[in-house]
Amino acid sequence: MMVDPTLAEMGKNLNEAMKILEDGRNGQDVASILQLVQNLMHEDEEEDKPSHRMQNVGEQGHMALLGHSLAAYISVLDRERLRKLITRIASDTTLWLCRLFRYESGSAYYHEDDREGLLKVCRLVLNTRYEDYSTEGYTVLNSRQPVIYQSATCRPGLGQHLCSQLGLPLSSLCTVPCNTMFGSQHQMDIALLDKLIREDVETGKLPLLLIANAGTPGAGHTDKLGRLKELCEQYGMWLHIEGVNLATLALWEVSSPVMAATRSDSMTLTLGPWLGLPAVPAVTLYRHEDPALSLAAGLTSSQPVEKLRALPLWLSLQYLGQDGIVEKIRHAVELSQQLLEKLKTLASIKTSVEDELNSPVVVFRFSQETSAGEWGYFAGEREVLDSLNRWLCERLAQLVPASGVDIVELEDEGTCVRFTPLMTAAALGTQRCDVDLLVERLIELVPVLNCTLRLRLDFREEVYRHSALSYIEDLNWPGLGAFGPEKDCIFIGMATEDLDVAELVDTIAALGRDIEENGRLLENMTEVVRKGIQEAELQLQKDNQDKLMEEGVLRQIPLVGSVLNWFSPFQSTVKGRTFNLAAGSLDSTEPTYSMKAQTGGLASPETPTSSAKRLPGQRLFRREGAGGSDSHSETSSVGQAEDFSRERFPQPTPPSPVPDEAVSVVPESPETPQVPAEPEPTQENGEVGTQEEERQPDGQDAPVEETGR
């Protein structure tokens, strides 16, 4: 029965939890609990797999972690002391953040989920625009349906999350497309936004809030925030801004598009990744004059313990200081500029950067546009380039893990490689030497991409030349291509300049023919063995009947038969059988065991010798002329098998040579070595098997022949 892996993992964890509960009824010591945590952290790691790179915590990270421990201790203080302490912590942290990011007269809300601040802001705006919202609830929305506007480049699922948490229908969410004619293709189309707002007002809807980007999640572009602020003031809308470029507000020099964010009604800052601080909350800065509405929206709380969320930031900001914070952000921006300058010198790399002087996000991709004249464009080019860029990003991430590059899917450009040091450099400890190494590895990989793209068409033509091969059009495979049946495909990976595509395809076709021929031989041998077994069963039945007729009924009675055989021994004329694999026939063993056959008399058909015998470790199919590691491994396996046999069994005196034509093949297991058999007793020879017994080595057993008994 198939079991869902997730359910199986849940069942395993539940059983372990119950075992811990039963074993720890009297409690466990601290060392045992810490050991359990360590085991849970590393239980999925394997020795042969590279370990994941841990975040570079640093001393400032230890201060943030210390804040969580101190918050637990502070929460047990008496109420008056707790109130004074958390008021000081919250006011200090809010003041520092507002001054650091140029947001005057602002309040702060600290939250774990980076979407929670925007959600609380939406509740604040609903309470502000609908006076009876706090008492009547959603019924007051029926008069004028609220509308939330967001850019098409916003985080996926953000608008749906807001509607779900606020109890609004999806019709209250309006996604504004980006520019198509003028300006950045990642910026919100302001003219179209103005048109959509006017249409909503004419239909009796209420424009409520606009979500803009100071650094889109994909390409890091900034909307025209100044113009958007004017539009919001015109229609009485709330402007909320989020994005990675907000971090540059802390620098001494700020670009004018980002500086316009300081005029917004609210903004969300994610200081944890920017400064390399683990487990610190996100912060939403907002401006509002009515504290009662802020309390109703959940932006402020009357519970003192909830205000302790700011404690890790309070400690970390004091430890870093303003200069330390500015230095970390400036270092990340300089890394982006360093990479961008080096990418401009690469012919096959295309960048997608909004502001080349100040952009902290660099997006680039491999493109064939510069050399399209060499081999032209082809069908499915976009999909092929996407797969190659996906491979490029994965290789760069493996070769230079400190770079923190990742894959991003953009609507117009397709699959790209993204370098966002503001989100990764503080945690990974990225330095200028890592950027240099990233460019070096990129220069090494670009020729491989060019060769693969150029030889991909040649590979398809070569496959078409072979009737036994079929080309599979898999545009998502980052390599030369695939071919084979639909279920069993062979994928060819990336190519280099010295690759001979024709020779590669010819070799694969030859290997395929060899495998097919060996497969047919195996099928024929299987059929021969099956028929031989059936014939052997019929012969055994006939021999049993003949034996019964020769011995008589009295010899079959247990007690009487034993006495009768003792007084009058009976010699059966029924002979054994041997199956000849080469001839596919069932023969008698009499010629093999007779003295006449041993001295060169009647010869049985020639059969394969030890070359057909495969020891453990040997390959089943091996091309002629193949050497190197394969032949070495086979030789090693044979030597190991011989040494193994010498250790387990005593070595007998070599027997006298037996002619090849006198050797019969008994259908046994391939791993079982064949040894000379003990001769049958005959009436012509009075000394039964004396010569054969002298030749029989010690420690070897005679094979059991097929007889009627």
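Strand S9 and strand S11 (residues 414-419) run antiparallel and are joined by 3 bridges, where strands are DSSP runs of E of at least two residues and helices are runs of H or I of at least four, both numbered from the N terminus. Two strands are taken to pair if DSSP finds at least two bridges between them. Across this pairing, Val362 stands opposite Phe419 in S11. The structure is a predicted model, in which local features need pLDDT of at least 70 and side-chain atom pairs count only at pLDDT 80 or more, while totals for chains, interfaces and linings use all residues. Residues are numbered from 1 along each chain as its sequence is written, and side-chain values use heavy atoms, with hydrogens and water left out.

S9 also pairs with strand S8 (residues 349-351) in the antiparallel sense, again over 3 bridges. Here the bridge partner of Ile349 is Phe366 in S9. Strand S9 (residues 362-366) is largely enclosed by the rest of the structure, because 5 of its 5 residues are buried; buried means under 20% relative accessible area, exposed means over 50%, and partly exposed lies in between (1.4 Å probe, protein chains only). Both faces of S9 are covered, with Val362, Phe364 and Phe366 buried on one side and Val363 and Arg365 buried on the other.

An open sheet is formed by 3 strands in the order S12-S13-S14, with antiparallel pairing. Strand S12 (471-472) and strand S14 (490-492) stand at the edges with a single partner strand each, so one side of each is left without a neighbour in the sheet. Strand S13 (residues 481-483) pairs with S14 in the antiparallel sense over 3 bridges, and Ala482 stands opposite Phe491 in S14.

In total, the protein has 23 helices and 16 strands. Of its 709 residues, 39% are buried. The protein exposes about 40,800 Å², of which carbon and sulfur atoms supply 53%; accessible areas come from the Shrake-Rupley method with a 1.4 Å probe, and for residues only the protein chains shown count as cover. Among contacts (heavy atoms within 4.5 Å) between residues at least 6 apart in sequence, 67% join residues at least 24 apart.

In soluble globular proteins, nonpolar side chains tend to be buried together. A nonpolar core is defined as a set of buried Ala, Val, Leu, Ile, Met, Phe, Trp, Tyr and Cys residues joined through side-chain atoms within 4.5 Å. The largest such core has 71 residues, and those with the most contacts inside it are Phe101, Tyr149, Leu193, Leu210, Leu246 and Trp274. Helix H13 supplies the largest share of this core, 11 residues. A second, separate core of 31 residues includes Leu340, Ile349, Val384 and Val448. When residues up to four places away in sequence are not counted, Leu210 touches residues including Tyr149, Met188, Leu193, Leu228 and Trp238.

Helix H13 (residues 311-343) also contains Gln338, which counts as buried at 9% relative accessibility. Not counting residues up to four places away in sequence, Gln338 touches Arg432, Val435 and Asp436. H13 is among the elements that cover the buried residues of helix H3, together with helix H4 (79-100) and helix H11 (271-275). The buried residues of H3 are Gln60, Gly61, Ala64, Gly67, Ala71 and Ile74. At 1.5 Å a residue, the 17 residues of H3 (residues 58-74) should span 24 Å, and its end C-alpha atoms are 24 Å apart, which agrees; the expected span is 1.5 Å times one less than the number of residues.

A search of the whole structure finds 23 salt bridges, each a side-chain nitrogen of Lys or Arg within 4 Å of a carboxyl oxygen of Asp or Glu. One of them joins Arg330 to Glu334, with the closest N and O atoms 2.2 Å apart. Arg330 and Glu334 are 4 residues apart in helix H13 and are therefore separated by about one helical turn. Arg330 is partly exposed at 30% relative accessibility, as is Glu334 at 34%. The side chains of Glu409 and Arg390 meet in a salt bridge at 3.6 Å, N to O. Glu409 lies in strand S10 (residues 406-410) and Arg390 in helix H15 (residues 381-399), so the pair ties together parts that are 19 residues apart in sequence. Asp114, Arg155 and Glu242 are linked in a network of salt bridges.
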